[in-house]
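Biologist: Please take me through this model, one question at a time. I will ask about packing, sheets and the ligand.

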Amino acid sequence: MLLLSVIGICAQDTTYIPTPENIAARKEFQDEKFGIFLHWGVYSMLGDGEWVMWNKRINRHEYDQLPAGFYPSKFNADAWVAAFKAAGAKYITITSRHHDGFSMFKSKVTPYNIVDATPFRRDILKELAKACQKAGIKIHIYYSHMDWYRDDYPTGSTSKELPHDESTTNWKSYYKFMNDQLTEILTNYGPIGAIWFDGMWDHAKETGFDWQLPEQYALIHKLQPACLIGNNHHKAINPGEDFQLFEQDLPGENTTGFSGDQKVSNTVPLETCQTMNKTWGYSITDKDYKSKDELIQRLVRVAGMNGNLLLNIGPRPDGQLPVEAVERLQAIGKWMSLYGYTIYGTRGGIIAPQKWGVTTQKDKTLYIHILNLKEPTLLLPIEGRKILQAHYFINGTKVRFNKMKNKVMLHLDKIPTDVDEVIVIKLK
Ligand code: FHN
């Protein structure tokens, strides 16, 4: 309790009542539908993903040599943000501190940060926050609960694999450090759309470890009531969390094995994060990129499942976005400039996701997104709603339909071949 009074918050019980600002921010977030995730840190220099320190079991005193060589001479926050905005993204989520413990922002509570420990000496978070504000898009902050670098971090399931001195671990000191950094982030960078936590699975719930989330969440909501909290713990949401996260899986799927314990929430917004290739942080060898069409279809599928897509890019160590990522951003942007109207501000439609595609909906307008259909007819399970009219979104051409019991048959001009053939249905 002493520590909590030091950081100026009180332990709260498990009843969390979001403020009106927070509820409004949740709605805006749901309307935004598409964000860009950025995994960027000193690890990018090694070109082997953000887990390179752990994967290669690099001693942290050796890893400590990296910041002195970090000089992303081509970094230009305005250019990045312009590319994300042109792609149709409404927010970015940037790693302020990943599991390697290096802070990509100026921090008074550790010298292990981009301004004090690199020759670059620029606070990239500040530059990005400013660029986002100028461009009218939001900034969200990824923050790792787990830490492979600090002496005081209590050794967990992954950190125990790295050389670590057990005698120096000190939860109280580490918890204060995190809360001090969160306070810096929420005070020095203007409005923050969300704090995106990750890594608490290093101490699984079953071990009885107490991350003291309610107090930490209360601090965030006290500093910025509209700031949403998401936590990538791969479990059902906890009180204080304002949106639910899914990793590499659509809400409700579990292809990764991460999402097994995650019942999809019907009370908070949903977001799924996905890589463009296989890795989050820059990998010089990973060229296994999803195609442009596949990415567009993922965005549409997530929207049809009532969620947002957070699409990841691992910028290069010199501060440039990988060429493959830029090409994909451009393709998504081109598509969104035509079809964004059927995505932004929508919710999952009254027809549940199907093999052929998904539906999104705004009031009485239903958008049928045909992603994979091998015939020119489509049977829609529409119960208890009357259809007034149906037409192609792209050119307004009418679509013939005939009503059947609890169903409607659409007769298309031809078998759809576009990445997403959108049919608009006006409901009574
Ligand atoms: O360990 C991290 C990983 O590096 C990456 O940040 C992803 C993004 O969702 N989350 C963790 C794995 O769950």
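Biologist: Is the crossing of H10 and H11 left-handed or right-handed?

Modeller: Bear in mind that this is a predicted model. In it, the helices concerned are H10, residues 292-304, and H11, residues 323-339. Their crossing is right-handed.

Biologist: How does H10 lie relative to H11?

Modeller: The axes come within 9 Å and cross at roughly 50°. Roughly parallel would need an angle under 35 degrees, and roughly perpendicular starts at 65. H10 is therefore, relative to H11, oblique.

Biologist: How many residues of the contact of H10 with H11 are charged?

Modeller: H10 brings Lys-292, Leu-295, Ile-296 and Leu-299. H11 meets them with Arg-328, Ala-331, Ile-332 and Trp-335. The contact has 6 nonpolar residues and no polar ones, and its charged residues number 2.

Biologist: How do H8 and H9 lie to each other?

Modeller: H8 spans residues 171-188 and H9 spans 213-223. Their axes come within 10 Å and cross at roughly 20°. The cut-off for the parallel class is under 35 degrees. H8 and H9 are therefore roughly parallel.

Biologist: How many polar residues has the contact of H8 with H9?

Modeller: From H8 come Asn-179, Leu-182, Thr-183, Leu-186 and Thr-187. From H9 come Gln-216, Leu-219, Ile-220 and Leu-223. By class there are 5 nonpolar and no charged residues, and the polar count is 4.

Biologist: How does H5 lie relative to H7?

Modeller: H5 (residues 77-86) packs on H7 (residues 124-135) with the axes 9 Å apart. The angle is about 45°. That value makes H5, relative to H7, oblique.

Biologist: How many charged residues are in the contact of H5 with H7?

Modeller: H5 supplies Ala-77, Asp-78, Val-81, Ala-82 and Lys-85. H7 supplies Glu-127, Leu-128, Lys-130, Ala-131, Cys-132 and Ala-135. With 7 nonpolar residues and no polar ones, the charged count is 4.

Biologist: Which residue in S15 is opposite Leu-380?

Modeller: S12 and S15 (residues 407-411) pair in the antiparallel sense over 4 bridges. In S15, the residue opposite Leu-380 is Val-408.

Biologist: Last, the ligand. How many charged residues are in the shell around it?

Modeller: The ligand is surrounded by Glu-50, Trp-51, Asp-198, Asn-232, Glu-247, Cys-273 and Trp-280. The shell has 3 nonpolar residues and 1 polar residue. Its charged residues number 3.

Technical notes: Residues numbered from 1 in each chain as written. Predicted model: local features only at pLDDT ≥ 70, side-chain atom pairs only at ≥ 80, totals over all residues. Axes fitted to C-alpha atoms, helices over the stretch in contact; angles between N-to-C directions. Helix = DSSP H or I, 4+ residues; strand = E, 2+ residues; numbered from the N terminus. Parallel < 35°, antiparallel > 145°, perpendicular 65-115°, else oblique. Left-handed = near helix turned anticlockwise from the far one by under 90°. Contact = placed C-beta atoms within 7 Å. Nonpolar A, V, L, I, M, F, W, Y, C, P; charged D, E, K, R; others polar. Pairing = 2+ DSSP bridges. Near = placed C-beta within 6 Å.
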